[in-house]
Amino acid sequence: MHVNELIASLPRIVAKNIWKVTDTNGTVVQYVSASDNRKSTAQKYIDNKYPGRHLTLTFDRKEGYITIPR
């Protein structure tokens, strides 16, 4: 096994953006992230999950997750 193959096989830590989902009263509904780390993708997910409700996404934090390469 070559060094590059070994490095490529190691788990990676990915920083995910976490958004706070709030309603019009300011009540926190849930926290959400997106597979591609984009706010627009997370907003589409929330819009589909809660149709007819006006929910706002606010950036909350970055959080690291370990992913295993394929």
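**Reading a predicted model, patch by patch**

Q: Where does I7 lie, and is I7 buried or partly exposed?
A: I7 is part of helix 1, which covers residues 3-9. Exposure is read from relative accessible area: under 20% is buried, over 50% is exposed, and partly exposed is in between. I7 comes out at 44%, so I7 counts as partly exposed.

Q: What about the inside? Which residues make up the largest nonpolar core?
A: A nonpolar core is a set of buried residues joined through side-chain atoms. Here the largest one has nine residues: W19, V21, V32, A34, A42, I46, Y50, L55 and L57. Strand 1 (12-22) and helix 2 (39-49) each supply at least two residues of this core.

Q: Can we zoom in on one member? What does A42 touch?
A: Leave out residues up to four places away in sequence, and A42 touches W19, V32, S33, A34 and L57.

Q: And L57: where is its place, and is L57 buried or exposed?
A: L57 is in strand 3, residues 56-67. Its relative accessibility is 4%, so L57 counts as buried. Setting aside neighbours within four places in sequence, L57 is in contact with W19, K20, V21, V32, K39, A42, Q43 and I46.

Q: How many residues apart in sequence are L57 and L6, and what is the distance in space?
A: The two are 51 residues apart in sequence, and C-alpha to C-alpha they are 39 Å apart. L6 belongs to the surface patch, whereas L57 belongs to the largest nonpolar core.

Q: What does the side chain of D23 reach?
A: The backbone nitrogen of N25, at 3.2 Å. D23 also touches V29, R53, H54 and L55, again not counting residues up to four places away in sequence.

Q: Last one, on backbone angles: what is phi of N37?
A: Phi of N37 is near 70 degrees, a positive value in a residue other than glycine. You'll find N37 in the loop between strand 2 and helix 2. With a relative accessible area of 24%, N37 is partly exposed.

Conventions:
Residues numbered from 1 in each chain as written. Predicted model: local features only at pLDDT ≥ 70, side-chain atom pairs only at ≥ 80, totals over all residues. Heavy atoms only, no water. Patch = residues over 30% accessible without salt bridge, like charges linked within 9 Å, V, L, I, M, F, W, Y side chains within 5 Å. Areas by Shrake-Rupley, 256 points an atom, 1.4 Å probe, with all protein chains shown as cover. Salt bridge = Lys/Arg side-chain N within 4 Å of Asp/Glu carboxyl O. Helix = DSSP H or I, 4+ residues; strand = E, 2+ residues; numbered from the N terminus. Buried < 20%, exposed > 50% of the residue type's maximum accessible area, 1.4 Å probe, protein only. Core = buried A, V, L, I, M, F, W, Y, C linked by side-chain atoms within 4.5 Å. Contact = heavy atoms within 4.5 Å. Polar contact = N/O pair within 3.5 Å; in protein donor to acceptor, adjacent residues only side chain to side chain.
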